[in-house]
Amino acid sequence: KAPLKKLDLQDGDSFVFLGDSITHQCLYTQYVEDFFYQRMPHIRLKFHNSGVGGARAWDALARFDEDIAAYKPKYVSILLGMNDGTYRSYDQATFDAYHRDMTTVVEKIVASGATPLLMTPTMYDSRSARMYPRKGRTYSDGLLTQYNAVLTYYGTWLRGVATENGYGFVDMWGPLNNLTIAARKTDPSFTIIRDAIHPDAPGQAVMAVAMIDDLGLKAPLSNIRLTLNRKDEPKATSTGGIVSDLKRTENGVEFAWLAKGLPWVLPEEAAIGVNLTKLGHRNSREGFEVHGLAPGRYELSIDGTVVGTWTSEQLSRHVELQANDKTPQYQQALEVAYLNRSRNSGPVRNLRNEWRVFQRYARDNRDAKTDAERENVAQWKKRLEGLPERVAGHAAEAKKIEDRIFAVNQPVSRMYVLTQVVAPAKKPATN
């Protein structure tokens with residue numbers, strides 16, 4: 001079968017992010033949500049984070065019905081393996097357990113009617129582990145020199161499974177490693193995974209870009225092309241929106257622009273990752289070009305706010321506005337990103353913490369052999385009382401913030417005014 005080429009998501013579809021603590025961080029998941037909130041505000045998807053710190057594939061099976069299948073997902077992304085490898089050199093029995101449980105996870109996702117999106121485990125940064133040793137933790141030579149390769153092996157197996165069965169596939173490992181190696185050519189201490197395991201916000205931005213790229217969603221946001229001819233009326237061609245009320249002015253041109261979406265903008269803590277991946281240019285390009293302008297320098301204002309000045313030559317080649325924080329569109333998208341950050345750092349994270357308790361109960365219940373261990377299981381079970389109600393409460397709080405997001409993220413018509421501010425100096429008259 002051909003691997004999945006592109007996600008097909010419609011209004012009301014459900015998407016589940018299944019994973020371990022890297023998913024529980026609520027960062028790469030948040031940034032992927034931002035992409036849909038900003039770039040595709042005309043559809044409303046149901047996102048559910050199903051990450052739990054320390055999870056292995058077995059743990060996902062233990063909570064599968066209530067924490068995954070219950071959300072009736074169309075797609076389930078799976079980021080598991082970092083803990084399954086047990087942080088040591090390759091061991092066949094350890095991989096066999098991962099192979100068995102991951103195979104079952106995938107089979108249950110398919111049986112639920114969803115499409116699995118298999119994702120490689122992320123990078124283990126052994127250099128970062130040496131630079132920033134964690135208190136109380138010792139590192140074996142195998143962990144420092146071989147564990148990143150172990151994760152590569154796990155990810156390569158997943159790629160084969162996805163290719164053979166026609167599932168989605170995302171390479172998380174490759175971009176994190178490649179960008180780190182490139183950066184270390186000029187800064188040997190560079191890292192985007194300070195604790196060696198959990199990517200920081202910039203690294204999570206790299207992960208979000210990997211998902212958007214590998215799941216077939218990479219595309220420019222919009223392009224506006226104006227042609228000014230002295231004899232004819234100005235003309236506009238565009239993608240990603242509609243130009244209206246186009247007219248010449250005394251020293252420039254003006255028009256109204258209604259875009260279909262907003263630029264993909266992430267909070268400032270992810271900025272390094274945004275720059276490393278060229279996120280704006282590659283995944284959210286907002287082009288503007290004008291042909292036929294008189295030579296000189298021109299100022300562009302949007303809704304009365306000056307966003308920049310360019311020469312007529314630069315404008316004829318095109319300029320990009322998606323990363324220009326002066327534009328009203330950028331500020332609108334940033335407000336969406338901040339709202340979603342509060343949604344993920346608050347109720348979504350709180351919801352995931354509820355399932356951390358369940359994970360501890362499920363493991364202890366599986367392993368209990370003595371009366372003391374069974375008594376401990378009973379204590380964990382008691383803490384689970386009221387879990388469905390608490391989960392529903394956190395989900396309701398998350399939805400309130402999402403309702404605010406959809407009140408903010410809708411594109412509005414913007415007034416563009418391009419005005420000549422500096423004309424080329426006239427040459428002195430000669431006899």
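## Burial and overall form

Of the 431 residues of the protein, 52% count as buried, a value that, like every other one in this report, is computed from a predicted model. The C-alpha atoms of the protein fill a box of roughly 105 × 45 × 45 Å when the box is taken along the principal axes.

The protein has 15 helices and 14 strands. When contacts with a separation of 6 or more are considered, residues 24 or more positions apart account for 77% of them.

## The nonpolar cores

The largest nonpolar core has 101 residues, and Y28, I78, M172 and M211 are the ones that touch the most other members. Helix α13 gives the most to this core, with 11 residues. To see what such a position looks like, one can follow Y28, which, not counting residues up to four places away in sequence, touches F17, I22, T23, L79, M119, M172, Q204, M207, A208 and M211. Two residues in that list, M172 and M211, are also named with Y28 among those that touch the most other members of the core.

A second, separate core has 22 residues, and L228, L246, V253 and V290 are included in it.

## Helix α13 and its two partners

Two packed helices are described by the angle between their axes and the distance between the axes. Helix α13 covers residues 328–367 and helix α14 covers residues 371–383, and their axes come within 9 Å and cross at roughly 155 degrees. Because angles over 145 degrees count as roughly antiparallel, α13 is roughly antiparallel to α14. The crossing in which α13 passes α14 is left-handed. On the side of α13 the contact is made by V357, R360, Y361, D364, N365 and D367, and on the side of α14 by E373, N376, V377, W380, K381 and R383. Sorted by class, this contact of α13 with α14 has 6 charged residues, 4 nonpolar and 2 polar.

Helix α13 also packs against helix α2 (residues 28–39), at an angle of about 140 degrees and with the axes 10 Å apart. The helices α2 and α13 are therefore oblique to each other, and their crossing is right-handed. Here α2 contributes T29, Q30, E33, D34, Y37 and Q38, while α13 contributes A333, V336, A337, N340, R341, R343 and N344. The contact of α2 with α13 has 5 polar, 4 nonpolar and 4 charged residues.

## Helices α8 and α9

The axes of helix α8 (residues 173–184) and helix α9 (residues 201–214) come within 9 Å and cross at roughly 130 degrees, so that α8 and α9 are oblique to each other. Their crossing is right-handed. The residues that make the contact are P175, L176 and L179 of α8, together with G203, V206, M207 and A210 of α9. In this contact of α8 with α9 there are 6 nonpolar residues, 1 polar residue and no charged ones. One of the contact residues, M207 of α9, is also touched by Y28.

The place of E254 is in strand β9, which runs over residues 252–259. E254 has 17% relative accessibility and therefore counts as buried, since the limit for being buried is under 20%. Leaving aside neighbours within four places in sequence, E254 is in contact with D245, L246, K247, T249, M415, Y416 and V417. Of these, Y416 is 162 residues away from E254 along the chain, although the C-alpha atoms of E254 and Y416 are separated by 5.5 Å.

S128 lies in helix α6 (residues 126–131) and is buried, with a relative accessible area of 0%. Apart from neighbours within four places in sequence, S128 is in contact with R184, T191, I193, R194, D195 and A196. The C-alpha atoms of S128 and I197 are separated by 9.2 Å, and these two residues are 69 residues apart along the chain. L315, which lies in helix α12 (residues 312–317), counts as buried at 0% relative accessibility. With neighbours within four places in sequence left aside, L315 is in contact with F288, E289, V290, L293, Y298, W310 and L418, and V290 is included in the second core. The C-alpha atoms of L315 and F190, which are 125 residues apart along the chain, are separated by 37 Å.

Definitions and conventions:
Residues numbered from 1 in each chain as written. Predicted model: local features only at pLDDT ≥ 70, side-chain atom pairs only at ≥ 80, totals over all residues. Heavy atoms only, no water. Axes fitted to C-alpha atoms, helices over the stretch in contact; angles between N-to-C directions. Helix = DSSP H or I, 4+ residues; strand = E, 2+ residues; numbered from the N terminus. Parallel < 35°, antiparallel > 145°, perpendicular 65-115°, else oblique. Left-handed = near helix turned anticlockwise from the far one by under 90°. Contact = heavy atoms within 4.5 Å. Nonpolar A, V, L, I, M, F, W, Y, C, P; charged D, E, K, R; others polar. Core = buried A, V, L, I, M, F, W, Y, C linked by side-chain atoms within 4.5 Å. Buried < 20%, exposed > 50% of the residue type's maximum accessible area, 1.4 Å probe, protein only.
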